[in-house]
Amino acid sequence: MEPTPTRAEPSNGTGTFQPKITAFVCNWCTYAGADLTGTSRIKYQSNVRVIRLPCTGRIDFMLLLKAFARGSDGIIVSGCHPNDCHYTSGNYHARRRWIVFRDLLEFTGIDLRRVTFAWVSAAEGAKWAELVDEVTNRVRELGPYREYQALLGAGIE
Amino acid sequence: MSADFQLAEGSLDALFAAMTAAGRRIVGPRASDGRVEIGEVRSAGELARDGRHSVASAKVAAFPRVEKILSYRAEGRELAVEDPALPARPTVLFGLTPCEARGFGALSAILNWGTPDRFFNARLEQTTVVAIACTRSDEACFCTAVGGGPDHPGGSDLLLHPLTGGGYEVEVLTEKGRALVALAADRFQPPEGTARTAPAQVEAGFQMAEVTAKLPRRFDEPIWTEQSLRCLGCGACAYVCPTCACFDIQDEADARGGVRLRCWDSCAFRIFTLHASGHNPREKQGERWRQRLYHKFSYMPERLGVLGCVGCGKCSRACPVDMDLKEHLTEIAKGS
Amino acid sequence: MAGATVRATEAPVPVAAQANVFRPYRMRIAQATDEAPGVRTFRLEFVDPGEGAAFSFRTGQFGLYSAFGAGESTFCIASPPTRQGYIECTFREMGRVTSALADCEVGDLIGFRGPYGNTFPIDHWKGKSLLFVAGGIALPPLRSVIWNCLDLRDLFRDVTVVYGARTVNDLVYKRELSEWGERKDMKLLVTVDPGGETPDWKGKIGFVPHVVEALAPPSENTVAVVCGPPIMIKLTLPVLSGLGFEKDAIYTTLENRMKCGLGKCGRCNTGRSYVCKDGPVYTLSELEELPAEY
Amino acid sequence: MDELRDKARELLQAGTVKVVIGHAAPSAGRRRPVFVRTPADAARLVHDEGCWHNLATYLTRPQVRRLGKPAIVASPQVLRAMLQLGAERQLAEDEAVALAVGNASSIRVLPTLSAVEEHLATVPDELGAAERAELERLSALPPAERRAFWEEQLGRCLKCYACRASCPMCYCERCTMDCNRPQWVPVASHALGNLEYHLVRAMHLAGRCVQCGTCGKACPVGIPVHLLTLFAEGTVRRHFGQRGGASARPEYALSTFRPDDKETFIR
């Protein structure tokens with residue numbers, strides 16, 4: 001894909017880099033938790049775009065790669081705590097895949113500081129806010145994910 | 001065959017420097033991790049000149065793996081479509097085998113049939129081909145059976161003949177070649193008649209005329225299934241072939257715009273001809289193998305007036321399961 | 001067969017002046033019609049009127065239609081060249097591109113490049129009777145030539161159309177079918193497979209080859225054009241032969257997969273023929289010279 | 001070698017099998033898969049270090065299946081691939097006869113997957129020293145260098161799919177690479193398309209890879225793609241104690257779980 005030439009680095013107007021964070025969350029726990037963050041009026045940084053899926057078991061590892069390819073600087077993947085899956089075991093299956101995929105990403109030199117896995121329940125509105133703030137701050141510190149962006153368009157004559 | 005100049009071994013670096021100074025990118029065979037690749041070469045020392053063949057083909061210079069053929073931007077419901085700028089990258093392909101040089105002729109025949117292919121032509125126009133006559137051949141080579149040879153001039157702008165004592169005699173074959181000589185004119189000396197290293201002996205073992213004569217009547221024979229039993233259906237043969245030009249067209253886009261890309265494709269892949277409905281005109285591997293051979297040795301000669309093969313043997317060397325084209329063609333020629 | 005041997009020659013046009021043959025016209029969807037489940041027709045108008053004015057095609061030709069971002073797909077031009085100012089295409093939602101096209105609405109822009117391929121030789125059909133036999137989604141290629149001939153009705157003798165689909169619902173161009181049915185200067189037989197009829201279905205029930213057989217159109221001085229799913233074609237051809245149709249008087253169109261439309265990408269190559277250049281229209285005798293790779 | 005040829009000849013003569021899948025040596029330095037269908041032809045069979053193809057790939061190929069019941073000259077990696085194919089219901093218990101070759105001097109004829117499993121229990125399943133060293137070397141590199149390494153390597157990938165085509169476990173009739181609704185991975189062999197392809201390949205083989213390394217040897221341009229699958233398979237073995245090709249029972253580490261699976265990175 002072409003790097004979209006119009007993409008300006010998001011900025012809060014003060015010149016600070018505003019990272020683009022994509023969060024893949026399950027419908028039953030983390031999405032509800034994030035909802036609670038809002039209804040509880042807990043403030044947190046607005047850099048995250050939430051993508052809701054039925055279950056962490058449904059979060060294909062390809063989605064993470066697609067998020068990076070579409071310009072994400074950081075990724076959050078989050079769902080129900082072990083034992084709490086709405087579908088009984090989706091998060092257990094997901095956990096196995098995360099273990100393998102994360103290792104593989106590390107082996108190919110993808111920056112693991114930009115990928116955060118979490119369990120956030122429907123009751124943990126505060127944890128969601130903390131998580132987003134923590135990830136946003138860390139990725140802001142790291143700067144734009146230029147190494148991955150450099151892959152876009154590379155190899156096209 | 002007659003030489004126009006002589007180029008001393010010690011002059012190669014000066015020639016490379018002159019080409020680089022003139023803004024030419026130099027691409028050629030270079031040793032890398034025990035194999036020979038086609039890649040950018042900065043000095044003559046980086047060139048692989050031990051007679052080993054590169055795995056991949058230099059066709060990338062004019063027919064890259066992936067190239068942009070269109071770009072577009074969405075503006076609301078409107079859409080702006082743009083032609084990509086013509087590639088501007090003057091290139092010297094240095095040290096190719098004469099087979100590789102000949103390959104551009106077949107590529108051009110395919111891509112320019114009926115309508116000129118501006119992307120290929122623009123790249124080729126900016127490419128100067130300097131071939132070095134082969135002094136070594138291997139089991140896979142059969143250039144002599146398909147109209148070529150270890151010192152065949154076809155497709156080259158300059159042809160270098162290695163001399164026994166080092167250095168080359170230089171045949172200038174085209175205006176492009178002449179222009180390249182002019183970049184370092186003082187290095188190109190009058191030929192002294194020094195002995196050339198004998199060109200490689202290439203024993204083809206079959207007559208191409210026999211193959212072309214027999215193909216039309218062997219179409220329905222079991223030989224194709226038999227020859228392709230071990231074929232895995234990968235695209236290695238097509239992707240290293242100097243004359244394979246089949247391609248795919250792919251869009252890559254986001255909401256704001258995108259590009260249309262031409263990328264290599266291969267008739268060995270099952271999905272090459274697969275319809276969206278699930279119907280596949282060439283469902284079996286044997287049918288796909290047959291298509292590969294017929295396209296190169298029957299349909300192309302008939303329709304385009306050129307063979308789709310230069311006998312370089314790259315496909316045979318690249319094949320993970322040793323599908324040996326020379327051996328297969330010999331078998332076809334021998335049959336009734 | 002069309003397509004003489006072409007010798008490779010140096011490109012006569014300087015590279016900088018060579019056109020980008022992959023660049024499509026921008027077309028606006030002027031009309032969208034749902035024909036049958038998953039089958040849509042677009043009427044397309046040139047965004048650039050100059051391009052539209054310079055554009056011409058002949059019946060039987062095809063083009064590559066792009067949904068920008070998804071890619072290109074090949075269909076025939078389903079409208080006749082006698083209707084100017086627009087082209088029409090009919091397609092079934094099957095893959096990535098056709099689904100993206102199906103999502104487009106009136107006013108959207110899509111791409112079109114063409115026309116490509118050969119044509120139905122209607123100039124040679126003058127003074128003859130015409131028999132069109134189509135099945136399912138294969139009526140669109142025939143629709144162009146049927147309308148073309150109807151618009152030049154005086155040039156031909158009898159015109160007969162036999163069209164069948166699996167079910168009533170699957171019939172395409174329903175409004176045109178009723179228009180053709182009412183015309184006095186042509187004969188139309190519409191049939192659905194047994195079990196595919198509705199309670200109020202007034203057409204025929206039966207498979208296309210049987211309907212053709214029962215109709216027994218005279219073969220003398222008649223051209224037959226057959227287009228449909230492989231099984232329909234396979235069973236209809238012997239019927240036509242039995243009725244005395246010569247192989248040179250039977251035409252069909254091939255629909256091999258294509259990417260370029262220019263004889264280069266290699267996909268549609270079947271025997272010595274490139275369907276995108278030498279086809280898509282073939283007579284039965286031409287077809288029999290090709291390997292059955294279509 | 002004589003023993004291998006004798007066994008193959010016997011099986012063909014008795015009509016137990018219709019074809020013996022093995023290797024032939026067309027010339028001194030070359031080895032190629034061969035399909036022996038007559039007792040006389042058994043003389044073409046060879047087996048030595050140069051026979052690197054995992055022949056089990058052919059057990060699922062339509063053109064080979066059409067030949068009838070096969071016997072297969074089987075290194076331990078071929079035997080493992082057979083078990084994994086059995087586990088994935090691609091190969092029935094007695095669908096192929098294995099002619100087990102290996103360090104042991106004599107050829108073992110294994111007529112069923114159970115016999116294969118029994119035999120394999122006596123064969124150590126260890127990664128080659130060279131592969132292990134290379135995995136360790138790469139793992140020890142600073143992340144930026146590892147990224148540079150793979151960027152350079154995968155940048156050369158032609159997407160000819162020789163790795164996929166040569167892999168005994170890549171038998172899917174319609175690979176996800178060939179599906180375009182959605183187009184998960186770009187078709188083009190550019191940097192992104194190549195990286196995504198190889199990550200998908202490694203993920204799809206994790207827990208199923210029999211560690212034969214055939215994919216890497218098949219690569220015409222010499223990219224060590226096998227290191228990716230070996231690595232992912234290694235992760236599965238380390239964390240979940242399951243290995244591809246260990247048995248014909250349908251146990252796939254990534255389609256099951258244990259509530260106490262250990263990880264250290266989930267917040």
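Modeller: Two residues are in contact if their C-beta atoms, placed from the backbone, lie within 7 Å. Keep in mind that this is a predicted model. Now look at chains A and D. On the chain D side, 35 residues are in contact with 33 residues of chain A. Which elements of chain D give two or more residues to that side? They are helices H5 (129-140), H6 (143-155), H8 (191-205) and H10 (226-240) of chain D. H8(D) gives the most, with eight residues. Sort the chain D side by class: 23 residues are nonpolar, six are polar and six are charged.

How confident is the predictor here? Chain D has a mean pLDDT of 95, and 99% of its residues reach 70 or more. Chain A averages 92, with 91% of its residues scoring at least 70. One stretch of chain A needs care. Over residues 1-9 of chain A, pLDDT stays under 50. The model has 19 contacts beyond four places in sequence for that stretch. The model as a whole scores ipTM 0.93 and pTM 0.95.

Next, go inside chain A. Two packed helices are described by the angle between their axes and the distance between the axes. Take helix H1 (residues 30-39) and helix H4 (residues 125-142) of chain A: their axes come within 7 Å and cross at roughly 90 degrees. Angles of 65 to 115 degrees count as roughly perpendicular, so H1(A) and H4(A) are roughly perpendicular to each other. Who meets whom? From H1(A) come Thr30(A), Gly33(A), Ala34(A), Leu36(A) and Thr37(A). They meet Gly125(A), Trp128(A) and Ala129(A) in H4(A). By class, this contact has four nonpolar residues, four polar ones and no charged ones.

Helix H5 (residues 208-218) and helix H10 (residues 325-334) of chain B have axes that come within 8 Å and cross at roughly 70 degrees. That angle makes H5(B) roughly perpendicular to H10(B). H5(B) brings Glu210(B), Val211(B), Lys214(B) and Arg218(B) to the contact. H10(B) brings Leu329(B), Ile332(B) and Ala333(B). This contact has four nonpolar, no polar and three charged residues.

The contact of H1(A) with H4(A) has no charged residues. The contact of H5(B) with H10(B) has no polar ones.

Terms used:
Residues are numbered from 1 along each chain as its sequence is written. Chains are lettered from A and ligands numbered from 1 in the order in which they are written. This is a predicted model: local features need pLDDT of at least 70, side-chain atom pairs count only at pLDDT 80 or more; totals for chains, interfaces and linings use all residues. pLDDT is the predictor's confidence in each residue, from 0 to 100. Helices (H or I, at least four residues) and strands (E, at least two) are DSSP runs, numbered from the N terminus. Ala, Val, Leu, Ile, Met, Phe, Trp, Tyr, Cys and Pro count as nonpolar, Asp, Glu, Lys and Arg as charged, and the others, Gly among them, as polar. Axes are lines fitted to C-alpha atoms, for helices over the stretch in contact, and angles run from 0 to 180 degrees between N-to-C directions. Angles under 35 degrees count as roughly parallel, over 145 as roughly antiparallel, 65 to 115 as roughly perpendicular and the rest as oblique.
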